[in-house]
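Visitor: Please take me through the ligand site in this model. I would like a close look at that one part and at what it is built around.

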Amino acid sequence: MADLTRTGITAANRAAWNASAPLHATGAHWHQLVARAALPGFSVLDPVISALLDGLGLQGKTAVQIGCNNARELISLAALGIRPVAGIDQAGGFLSHAAVLAQAAGLDLRLIEADIYDLPADVGQFDLAFITIGVLNWMPDLPAFFRVVHSLLVPGGRLVIYETHPVLEMFDPKSPTPHVPAFSYFQTRPQDVTEAITYDGQDHGAGERGYWFIHPLGNIVSACVQAGLGLVELKEYGHTIREPEYDIYADRAAQIPMSFSLVAQKPRAAVIAAASL
Ligand SMILES: C[S@@+](CC[C@H](N)C(=O)[O-])C[C@H]1O[C@@H](n2cnc3c(N)ncnc32)[C@H](O)[C@@H]1O
């Protein structure tokens, strides 16, 4: 029987990600990524998140990425003048790819192989905690997740999330009726992910079983705020940041939200002191 405790879920997800890791560091796409990472100004970040980050005045500040995978986005922060310092991911298979990309980029990153719910004590604190597409849905416990994010920020530090919109999670592009909702927005039981995890829209066969959650936007924002982070901005977008098979939901007259960005800030000590007067 499946172990659907938090620890059981994160262990299953770790196995699923590690099993698919070899599929991601092969072929022309990977070799081009390594070559591009060595070039000045390397970035895989799209114009929307680049402009958002650029406007936050984080130049020269330190960053950690949570669920950094191969760290291509963490490394990309350098092109915006932000200092990529640490990447956290529990899949060591992907951190070995991250080490290759960091070396190509000439960056000395601290790559921390750990479950976000069970971090080593010495991780430290950063000016920016960065979370990008495909991380929140693997998290079995959002309130605990955001408490960890809070602990990773210095006072005044910013959290930036750029993620898939949960409304998009209601649709299955492989369904014969892909525009009819296939899943409830309010489904709390995770979906079993049984195929190998890749982003190219191709079938790579079976993988290890992992667990994928639909977290409603209200739950995400509430968990963030209840962890003690102040909401600065929440934006919803009609553009896709997902795999190519989701392109059928973009550029439509009756557009569903496909992605969102969220900026939150850890209160400065002075604000806490003032508030407690
Ligand atoms: C979809 S990938 C992120 C991809 C990245 N945004 C990109 O576009 O390159 C999600 C990552 O979250 C990591 N992850 C999932 N659950 C985790 C956990 N409990 N602790 C740490 N990392 C986790 C996975 O190992 C995986 O590398």
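Guide: Helix α1 gives the largest share of the shell around the ligand, three residues. This is a predicted model, where local features need pLDDT of at least 70, side-chain atom pairs count only at pLDDT 80 or more, and totals for chains, interfaces and linings use all residues. Residue numbers start from 1 along each chain as its sequence is written. Helices (H or I, at least four residues) and strands (E, at least two) are DSSP runs, numbered from the N terminus.

α1 spans 6–24. α4 (72–76) and β2 (83–89) also supply at least two shell residues each. In total, 20 residues surround the ligand. A residue counts as near if its C-beta atom, placed from the backbone, lies within 6 Å of the molecule. The closest are Gly67, Asn69, Ala91, Ile116 and Gly134.

The shell divides into nine nonpolar, seven polar and four charged residues. Here Ala, Val, Leu, Ile, Met, Phe, Trp, Tyr, Cys and Pro are nonpolar, Asp, Glu, Lys and Arg are charged, and the others, Gly among them, are polar.

Now the sheet. β2 is one of seven strands in an open, mixed sheet, ordered β3-β2-β1-β4-β5-β9-β8. Two strands pair if DSSP finds at least two bridges between them. The edge strands, β3 (110–113) and β8 (230–237), each pair on one side only. Further in, β1 (residues 62–66) and β4 (residues 126–132) pair in the parallel sense over three bridges. Within that pairing, Gln65 has Phe130 of β4 as its bridge partner.
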